[in-house]
Amino acid sequence: MLAFRTALTAFRRAPLLSVLSVTTIAFSLFAFGLFGLVALNIKNALTRVEERVEIRAFVAQGTAVEAIATAADEIAKYPQVAKVDVITQSQALERARSELGEFKDVFESEFLPASMDVKLKPGFRDPASVKAVAGQIQNLDFVDDIRYGEEWITQLYRLRNIAGVVGAALGIAFAVVAIIIIGATIRMAVLARSKEISIMRLVGATDAFIRRPFLIEGSLKGVLGGVLALVLTYLAMRTLEQYLHFETAFFDRRMAFVGVVFGALMGFMGSAVSVGRHLRRV
Amino acid sequence: MIRFDKVTKTYPRAAGATALRDVSFRLGKGEFAFLTGPSGAGKSTILKLLYMAERPTSGEVRISGYSSTKIKQREVAELRRRLGIVFQDFQLLEDLTAEANVAFALEVIGAPRATIPNKVARALTQVGLASKATALPRELSGGEQQRVAFARALVNDPFVLIADEPTGNLDERATRGIFQLLREINASGTAVLMATHDLELVRRTDYRCLELNHGELVFDSADAPRIEAEVE
């Protein structure tokens, strides 16, 4: 309780320094947050594209509808498969017509083959899994041809992997920069109170007692900085949406909470390191 | 109560800097002793070894049952609660009043809150500053600020008061006042070890005097006759 009061007193005693450290924490987390938002939206976009990965198995002319339906049920039982749609010849024609728009009149008869459109579950949309499922389906003797845009999927996954690696590297870099900056600000706060710390030590306060208010102060600053960063990130996103007419996703509650906790943790650790170093020296 | 046994202290970073060499002495309960010598003679090092801010390179410091060779960090805090320490530069917190500065020493060791005001008032009365309890350090003279520092050092009823040049920043008049205060503190049973290079002050009294030069104890008035320093 005393530690908590001391931490609050520290805010009151050095308001400028406190505001400075909260702002610094907020801005370094803001940079991290903006990056996170970009990463999140790229990931969402890729997921949406990925959802369009499907295998289309064309059925030989004259195959009985029942045979196709039975096969479709079988395929739907594969662990990788989310859903199988059977497209009859007339449905295929309809689809071609609607996709071609003004040229729809060029088709007159049902010359397009029937097909089974297989959607895969998330996690099985990578090139290897798609190829494996396609191979299994191709083994059915009435399947004439199978298409799944092999090249396209490979490209998509390459892009996804690059985005993942670049994202992780940038994320770590941003986090490290944020930790260094936050550590430096808290170090300033500790130095500003070095006299108080040395007096505490001289009169016999334990290191744990001396450390406690700094840890509370650091965590509080981290929480405040985190909340402020969240607000700034949200405002930045809204501004972008307004001027670029760009629909973006924001962090959900869990992610926002994790962000604030991350701020608190950085404040806590920054304080622990700074006070620890200071205590070893005096 | 305090015993230095062949204590040598060298600082590894400063090349060849031996701050103390083979220093041995004892200080009894309730005793008053001066620690004199030129700057850099090792006075402050002796005091730091006493409150265990430094440990000897060799030899042993014993104080009130604690040994420098065995003491743990936690016990250092316990030991300091039983010491009073005063410096030349007062070491007061500028934004706290005199009484808050004194109370601070009790709060940070977790003293029961109800007992604090009484103890603070008593300590301030002891140093003659009861009427200035609510003044900020900058509103006090140097001598008065040093008295606040003394009140803070005394508030825990220490068995020894360690004073590092407590009159170094004070004028003649304030020095006399502080010295008088030290005598009173000693008369009430608290041992006093005071580092000073004010030889006038030392000569005026017949208290014990330990003289250091280049890290060696060259004179102890308890072992008189005087051993002449073999320097300069």
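**Figure 1. Contact between chain A and chain B.** In this predicted model, 13 residues of chain A are in contact with 14 residues of chain B, two residues being in contact if their C-beta atoms, placed from the backbone, lie within 7 Å. On the side of chain A that touches chain B, α1 (2–13), α7 (194–202) and α8 (207–244) each supply at least two residues. Helix α7(A) gives the largest share, five residues. By class, this side of chain A comprises seven nonpolar, two polar and four charged residues; Ala, Val, Leu, Ile, Met, Phe, Trp, Tyr, Cys and Pro count as nonpolar, Asp, Glu, Lys and Arg as charged, and the others, Gly among them, as polar. Helices (H or I, at least four residues) and strands (E, at least two) are DSSP runs, numbered from the N terminus. Residues are numbered from 1 along each chain as its sequence is written, while chains are lettered from A and ligands numbered from 1 in the order in which they are written. Because the model is predicted, local features need pLDDT of at least 70 and side-chain atom pairs count only at pLDDT 80 or more, whereas totals for chains, interfaces and linings use all residues.

**Figure 2. Packing of α1(A) against α8(A).** The axes of these two helices come within 8 Å and cross at roughly 60°; axes are lines fitted to C-alpha atoms, for helices over the stretch in contact, and angles run from 0 to 180 degrees between N-to-C directions. Helix α1(A) is therefore oblique to α8(A), given that angles under 35 degrees count as roughly parallel, over 145 as roughly antiparallel, 65 to 115 as roughly perpendicular and the rest as oblique. The crossing of α1(A) and α8(A) is right-handed; a crossing is left-handed if the near helix is turned anticlockwise from the far one by less than a right angle, and right-handed if clockwise. From α1(A), the contact draws on Ala3(A), Phe4(A), Thr6(A), Ala7(A) and Ala10(A), and from α8(A) on Arg212(A), Pro213(A), Ile216(A), Glu217(A) and Leu220(A). Seven nonpolar, one polar and two charged residues make up this contact of α1(A) with α8(A).

Figure 3. Asn41(A) is placed in helix α2 (residues 15–50) of chain A. With 16 other C-beta atoms within 10 Å, Asn41(A) is partly exposed; a residue is buried if 20 or more other C-beta atoms lie within 10 Å of its own, exposed if 12 or fewer, and partly exposed in between, with C-beta atoms placed from the backbone. Neighbours within four places in sequence aside, Asn41(A) is in contact with Thr248(A) and Ala249(A). Phe174(A) is 133 residues from Asn41(A) in sequence and 18 Å from it in space, C-alpha to C-alpha. The domain assignment of chain A gives domain 1 (2–48 + 157–281) and domain 2 (54–147), with bounds that come from an automatic or database domain assignment. Between the C-alpha centres of domain 1 and domain 2 of chain A the distance is 52 Å.

Figure 4. Helix α3 (residues 98–107) of chain B is largely enclosed by the rest of the structure, because eight of its 10 residues are buried. These are Ala98(B), Glu99(B), Asn101(B), Val102(B), Ala103(B), Phe104(B), Ala105(B) and Leu106(B). Their cover includes α4 (116–126) and α5 of chain B. Helices α3(B) and α5(B) pack at an angle of about 30°, with their axes 8 Å apart, and are therefore roughly parallel to each other. The crossing of α3(B) with α5(B) is right-handed. Ala98(B), Asn101(B), Val102(B) and Ala105(B) in α3(B) meet Val148(B), Ala151(B) and Arg152(B) in α5(B). This contact has five nonpolar residues, one polar and one charged.

**Figure 5. Packing of α5(B) against α6(B).** Helix α5 (residues 142–154) and helix α6 (residues 172–187) of chain B have axes that come within 9 Å and cross at roughly 15°. Helix α5(B) is thus roughly parallel to α6(B), and the crossing of α5(B) and α6(B) is right-handed. Gly142(B), Gly143(B), Gln146(B), Arg147(B), Phe150(B) and Leu154(B) in α5(B) meet Ala174(B), Gly177(B), Ile178(B), Leu181(B) and Ile185(B) in α6(B). The contact of α5(B) with α6(B) has six nonpolar, four polar and one charged residues.
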